[in-house]
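Here is a short report on one protein chain. Keep the sequence and the 3D view open as you read.

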Amino acid sequence: MRKIKEIIIEQVMKIFAIFSSIVVLGIIFLLLVNGLPIFNYVSPINFIFGMNWNPDTGDFGIFPMIIGSFCITILALLFAVPLGVGCAIYLAEIASEKVRNVLKPVVEILTAIPSVVYGFVGMVLLVPWIREILNVNPGYSWFAASVILSIMILPTITSISEDAIRNVPQSIKKASFSLGATHWQTIKYVILPHSFRGILAGIFLAMGRAVGETMAVLMVAGNCPLIPKSIFDPVRPLTSHIILNIKEASVGSPVYYAMFACGIILLFIIVVLNICIRMIEK
């Protein structure tokens, strides 16, 4: 009877795995079928590296949007990585169990907040602050989008980095202490180097989420399809570009195909990031 149950469970798990694979392949197929026809209207080089987006004149360049996505993501990582890794070090190595039990759920609850709420907070608080305190107009900018995005990816970096730090064997720590190293020296020269791969994997995972984030960025980035010259310039990432155009695109139009092609670009970026994570874990 037990063997029959085990066989049934194995088959059910296999069905779930096959179904997940079919869903992923179906998404890829849908993107390719609806995205590749754009190259009947524009060459791949002009589409990816074109500087102008104006469907009325036949210009379908998305390079400013690709640059916008990377600009927002990189600046968000510059804000979030030191804070997230520092928080992970504190939770794993310094905080008492009582403090950790309070702070860890607070950090993790940031993941449960809807992205539209982050965007609303950015519109109501951050954008006016940039406009009034920093005297920068219009306030909707690369900087605003990166600040909001850094808060959103902070729990990912913190949680994965903390797990990586906690997985450092106690024997290595004790060996460091036995050689006369202080706690901070042990953290700097032993724990962080030993957990570096896990921390880096967390950063790449956070980067993947940042590249794919849509709503919060759409609400505070300014959505200007130009390459920004300053962190206070408006910027339009690929995800926002898709949302802004797909709602008005008729099925079978060049704009419709172009939006699916943007999805292919995003999928390619995410796949590359996942490959990097796999390589790091090995």
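## Basis of the model

This is a predicted model: local features need pLDDT of at least 70, side-chain atom pairs count only at pLDDT 80 or more, and totals for chains, interfaces and linings use all residues. Residues are numbered from 1 along each chain as its sequence is written, and side-chain values use heavy atoms, with hydrogens and water left out.

## Overall layout

The chain has twelve helices and two strands. Helices (H or I, at least four residues) and strands (E, at least two) are DSSP runs, numbered from the N terminus. Their order from the N terminus is α-α-β-β-α-α-α-α-α-α-α-α-α-α. The C-alpha atoms fill a box of roughly 70 × 70 × 30 Å along the principal axes.

Of the 282 residues, 43% count as buried. Buried means under 20% relative accessible area, exposed over 50%, and partly exposed in between (1.4 Å probe, protein chains only). Contact means heavy atoms within 4.5 Å. Among contacts with a separation of 6 or more, 71% join residues 24 or more positions apart.

## The nonpolar core

A nonpolar core is a set of buried Ala, Val, Leu, Ile, Met, Phe, Trp, Tyr and Cys residues joined through side-chain atoms within 4.5 Å. The largest one holds 69 residues, and F47 and I62 touch the most other members. Elements giving two or more residues to this core include α3 (63-94), α6 (142-166) and α12 (254-281).

Leaving out residues up to four places away in sequence, I62 touches F47, I48, G50, W53, L238, H241, C262 and I265. H241 lies in helix α11. H241 is buried, at a relative accessible area of 0%.

## Aromatic pairs

The whole structure contains seven aromatic pairs. One is W53 with F60, edge-to-face, at 5.6 Å centre to centre and 80° between the planes. Rings of Phe, Tyr and Trp (its six-membered ring) pair if their centres lie within 6.5 Å; planes under 30 degrees apart count as stacked, over 60 as edge-to-face and the rest as tilted. Both W53 and F60 are buried. Elsewhere, ring pairs link F79, F143 and F232 into a cluster.

## Helix α4

Which residues of α4 are buried? They are R100, K104 and V107. They sit on the same side of α4, because they cover an arc of only 65° around the axis. That arc is taken from the directions from the helix axis to the C-beta atoms. Their cover includes α3 and α6. On the other side of α4, K98 and V102 are exposed.
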